[in-house]
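The following walks through one protein model, beginning with a sheet and the helices on it, then turning to the domains and a pair of helices.

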Amino acid sequence: MKTAKISIVGFGSIGAGLATEMARKKDFLRGKGYDLRVVSIVDADGAEIDEDGLNIKSIIEKKERGKAFSYDKSALDLIGEIDQDILVECTPSNIRDGNPGLNHILTSLKNRVNVVTSNKGPLVVAYKRIMETAKKNNVSIGYEATVGGAIPLINLVKSNLRADDIVAVKGILNGTCNYILTKMHVEKRDYEEILLEAKEIGIAETDASYDVEGIDTASKLVILANSLMGMDVKYEDVEVEGITRITPESLDLADELGCTIKLIGEVEREGKRLKVSPKLVPYDHPISVGGTLNIVLIKTDVAGEVTISGKGAGPKETSSALLSDILNIVDERC
Ligand SMILES: NC(=O)c1ccc[n+]([C@@H]2O[C@H](COP(=O)([O-])OP(=O)(O)OC[C@H]3O[C@@H](n4cnc5c(N)ncnc54)[C@H](OP(=O)(O)O)[C@@H]3O)[C@@H](O)[C@H]2O)c1
């Protein structure tokens, strides 16, 4: 049995979703030879710690009842203090300076703790620095959950397509925008009402302007360009327009043309072109997927076009990507 001690930092929608799935799949994972123990959970206002493995259900109940965590400790306090193999970073994304996630990730890597992150901010701000720090300290970082939720996009390119040169990537990379646009179109409801609904079901970013203004999609393009396409780009290199100006009337006009409107992110290596914008998409085009679905078209020099689609947001779905990175690290390192 391979054992790994895991810390979860940021116990919101994704952090709690991961912990719930780990508890639910405990026997399934043990059957595959993995004994994963959550030894600490850190939120903005404190921590729970048990080096033998925490009782997830009681911690979730405690949080739901609004009770404070038992220890007045931060993630940074715990990194050098407790024995942990993998730190899972699930704090809110911040693309200005990447913090608090960037600080958590760099400190973990320097302390030879492997990292898995759902938080895009640190990778957008400091991709090279994070990768160099991981390499220097001989530890791993997994970031499948930062792009495309449950879609195994990054690991697909890094393993199955590793002989291919990725020349362009295009698609719907934000489940919240796709959910809003789909509902506006199908149910003819207002933008604000559906945005509120997206927040309630836990698919919107902590600051929903990240979603609707295209910032989240642009951040994902930066991660894909730097990590899969050998580019060296910053957020400022992306031309960004969100969905805030789309009205039910513009969707009706699109409908008359046999189209819908989708927020499309595109990166082409030639010409260093990175763009996020709402586009007319014919109903019968493969990219025309609805709801929280994401879809990505990967263009390579050998395979040609590879298309992959799946749930792009949500606590349960994102856990699939986080767990896949965790298991990869356990196989390699633990
Ligand atoms: N939601 C999705 O479907 C999805 C999908 C893929 C990736 N992601 C990414 O995953 C991350 C988490 O998303 P989420 O939806 O779970 O956000 P969330 O519900 O807002 O949860 C973030 C949690 O982090 C806590 N936190 C803030 N600062 C902290 C600190 N310094 N130390 C420890 N905890 C801290 C917050 O506590 P307070 O609330 O008390 O501040 C909150 O509990 C984000 O970076 C997001 O971009 C989300």
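In this predicted model, an open sheet is built from 6 strands, arranged in the order E8-E10-E9-E7-E11-E12 with mixed pairing. The edges are held by strand E8 (238–240) and strand E12 (304–311); each has a single partner strand, so one side of each lacks a neighbour in the sheet. On average, and ignoring direction, neighbouring strands of the sheet are turned by 25 degrees against each other.

Within the sheet, strand E7 (residues 166–172) is paired with strand E9 (residues 259–268) in the antiparallel sense, over 4 bridges. Ala 168 has Glu 268 of E9 as its bridge partner.

Helix H11 (residues 215–228) lies across E7, E8, E9 and strand E10 (273–282). H11 runs at about 35 degrees to E9.

The next level is the division into domains. Domain 1 consists of 2–149 + 315–333, and domain 2 of 156–311. Taken over C-alpha atoms, the centres of domain 1 and domain 2 are separated by 26 Å. The contact takes 14 residues from domain 1 and 19 residues from domain 2. On the side of domain 1 that touches domain 2, helix H6 (121–136) and helix H13 (315–333) each supply at least two residues. H6 gives the largest share of that side, 3 residues. Sorted by class, the side of domain 1 that touches domain 2 has 7 nonpolar, 5 polar and 2 charged residues.

H6 also packs against another helix. Its partner is helix H5 (residues 101–110); the angle between H5 and H6 is about 10 degrees and their axes are 10 Å apart. The two helices, H5 and H6, are therefore roughly parallel to each other, as angles under 35 degrees are counted that way. From H5, the contact is made by Gly 101, Leu 102, Ile 105, Leu 106, Leu 109 and Lys 110. From H6, the contact is made by Gly 121, Pro 122, Val 125, Ala 126, Ile 130, Thr 133 and Ala 134. By class, the residues of the contact of H5 with H6 divide into 9 nonpolar, 3 polar and 1 charged.

Terms used
Residues numbered from 1 in each chain as written. Predicted model: local features only at pLDDT ≥ 70, side-chain atom pairs only at ≥ 80, totals over all residues. Pairing = 2+ DSSP bridges. Axes fitted to C-alpha atoms, helices over the stretch in contact; angles between N-to-C directions. Contact = placed C-beta atoms within 7 Å. Domains from an automatic or database assignment. Nonpolar A, V, L, I, M, F, W, Y, C, P; charged D, E, K, R; others polar. Parallel < 35°, antiparallel > 145°, perpendicular 65-115°, else oblique.
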